[in-house]
Amino acid sequence: MNGFHRMSDRDFKKLKEFIEAGPGIKISAGKRTMLESRLHSRIKKLNFKNFREYLKFVFEYDTDGRERFKMIDAITTNKTEFFRESYQFRFLLETVLPVLMAEYGTGIKRPLNAWSAGCSTGEETYSLAISLSEFAEKHSGFRFSILGTDISVGALHGAVRAVYPEESISIIPLHIQKKYFLKSKDRINRLVRVKPSLRSKTFFKVLNLNNRHYNMPGKMDVVFFRNVVIYFRRSKQIELLSRICNSMTDGGYLFMGHAEALINMKLPLHRTGLNVYRYSPEEQRRV
Ligand SMILES: C[S@@+](CC[C@H](N)C(=O)[O-])C[C@H]1O[C@@H](n2cnc3c(N)ncnc32)[C@H](O)[C@@H]1O
């Protein structure tokens, strides 16, 4: 067994119920081994003999909820990268921002609000911050703020720290790297950190998108909600997306991941680019 812990059917059922009611992520029977392996390190670290003991602790004795957060960190998939699906950032700069500015004066009459929902360790949020900063340089008076939210506290710690391996920014042109990142002096561990001037444009918050009533600091003009809904059942996807729509300004733009086309969902959105949708509550065309 190599000390590897297996879950009983009862434990799996309990864990599945907790995950589906909390984060809301879909747990199929095929995910059992994945869960066992991801939670193995927690069991080892806390010196529990098996899953039964670990889950008993989490559900009955974890009074401050700390271990629940660790458990959520372990079960969420946080894979992300800078300028992932870069064509969408081009679309943002070339189409979305000029349209919002022309139609509503967004960014000029008031700051543009952007939201990276399910931001993981922050790469998407900072890619947005770089794009909007570059746009602001060319359009005098353009102002913006960016919110990054995630359910994983561990991932958000990474986002706030904003330290990344140097190779993770290789997709970014050198002059932009120099403008927005500091390089560590340690040439063995080769790390970069987002400069404070760019970090100050962003703020991060823990937010469970499966929570029926979450509070947003304001309506969002641009929402990046990419590579998150794939982890949810279709009915839950619609629920999550409806709530996101309620948090958007009329005419706001929603960016989805490449495998997340919204089809027959009866949402007040219409497709306007490659996995990009526009929120129009009054519109007849609905995805
Ligand atoms: C694969 S990452 C996507 C990161 C980024 N959006 C991107 O496309 O590169 C999915 C993120 O969704 C987050 N997530 C999963 N369930 C969530 C929930 N119920 N509420 C908020 N975030 C959630 C995970 O913690 C994870 O960081």
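Seven residues of domain 1 contact eleven residues of domain 2, where contact means that the C-beta atoms of two residues, placed from the backbone, lie within 7 Å. By class, the domain 1 side of this contact holds four nonpolar, one polar and two charged residues. Nonpolar covers Ala, Val, Leu, Ile, Met, Phe, Trp, Tyr, Cys and Pro; charged covers Asp, Glu, Lys and Arg; the others, Gly among them, count as polar. The model is predicted: local features need pLDDT of at least 70, side-chain atom pairs count only at pLDDT 80 or more, and totals for chains, interfaces and linings use all residues. Residues are numbered from 1 along each chain as its sequence is written.

Domain 1 spans 9-75 and domain 2 spans 86-279. These bounds come from an automatic or database domain assignment. Taken over C-alpha atoms, the centres of the two domains are 30 Å apart.

Helices and strands were taken as DSSP runs, numbered from the N terminus (helices H or I, at least four residues; strands E, at least two). The arc is that of the directions from the helix axis to the C-beta atoms. A residue is buried if 20 or more other C-beta atoms lie within 10 Å of its own, exposed if 12 or fewer, and partly exposed in between, with C-beta atoms placed from the backbone.

Helix H3 (residues 51-61) buries Phe-51, Tyr-54, Leu-55 and Val-58. Seen down the axis of H3, these residues fall within an arc of 90°, so they line one face of the helix. Glu-60 and Tyr-61 are exposed on the other side of H3. Helices H1 (9-21), H2 (32-45) and H4 (66-75) are among the elements covering the buried residues of H3.

Helix H10 (residues 234-246) has 13 residues and reaches 19 Å, close to the 18 Å expected. Gln-237, Leu-241 and Ile-244 are its buried residues. Down the axis of H10 they fall within an arc of 55°, so they line one face. In general, an α-helix has 3.6 residues a turn, so residues three or four places apart point the same way. The buried residues of H10 pack against strands S1 (112-117), S7 (220-225) and S8 (248-256). Exposed Ser-235 and Asn-246 sit on the face turned away from the buried side of H10.

Leu-240 also lies in H10. Leu-240 counts as partly exposed because it has 19 C-beta neighbours inside 10 Å. Leaving aside neighbours within four places in sequence, Leu-240 contacts Leu-209, Asn-210, Val-229 and Phe-232. The C-alpha atoms of Leu-240 and Asp-73 are separated by 20 Å, with the two residues 167 apart along the chain.

Terms used: The expected span of a helix is 1.5 Å times one less than its number of residues.
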